[in-house]
Amino acid sequence: MPNWLLRLIWRVRGKRRVRLHLLDVEHSIGGVLLGVVGGHYLLAKPKLIEAEDRTIPLDGLVEVPRERVLLVQVL
């Protein structure tokens with residue numbers, strides 16, 4: 001799919017809540033996906049998810065390298 005079409009779809013669909021499942025770590029990071037910048041997922045309102053009932057809110061924005069992400073789950 002061409003880049004211009006992906007950008008158009010992204011603008012129409014808007015920001016999405018996601019959970020990033022990481023490689024070699026049992027934790028996940030959740031938040032609002034702002035986009036992919038320089039090979040990093042950029043999340044706003046991030047939370048570190050240790051278990052289903054245990055989350056730790058984080059401040060600011062979080063950048064997660066693409067090569068560290070096993071799965072992007074859209075919530």
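Analyst: A salt bridge is a side-chain nitrogen of Lys or Arg within 4 Å of a carboxyl oxygen of Asp or Glu. By this rule there is one salt bridge. The model is predicted, so local features need pLDDT of at least 70 and side-chain atom pairs count only at pLDDT 80 or more, while totals for chains, interfaces and linings use all residues. Residues are numbered from 1 along each chain as its sequence is written, and side-chain values use heavy atoms, with hydrogens and water left out.

User: What makes the pair Glu-50 and Arg-54 a salt bridge?

Analyst: The closest N and O atoms of Glu-50 and Arg-54 are 2.9 Å apart. The limit is 4 Å, therefore the pair qualifies. Side chains of opposite charge can pair when their charged atoms come close.

User: Why is Glu-50 called partly exposed?

Analyst: Buried means under 20% relative accessible area, exposed over 50%, and partly exposed in between (1.4 Å probe, protein chains only). Glu-50 has 28% relative accessibility, and therefore counts as partly exposed.

User: Is Asp-24 buried or exposed, and why?

Analyst: Asp-24 has a relative accessible area of 78%, so this residue is exposed. Asp-24 is placed in the loop between S1 and S2. Its C-alpha atom is separated by 9.5 Å from that of Val-69, 45 residues apart along the chain. Of the 75 residues of the protein chain, 27% count as buried.

User: How many helices and strands are there, and what defines them?

Analyst: Helices (H or I, at least four residues) and strands (E, at least two) are DSSP runs, numbered from the N terminus. The protein chain has one helix and six strands, in the order α-β-β-β-β-β-β from the N terminus on.
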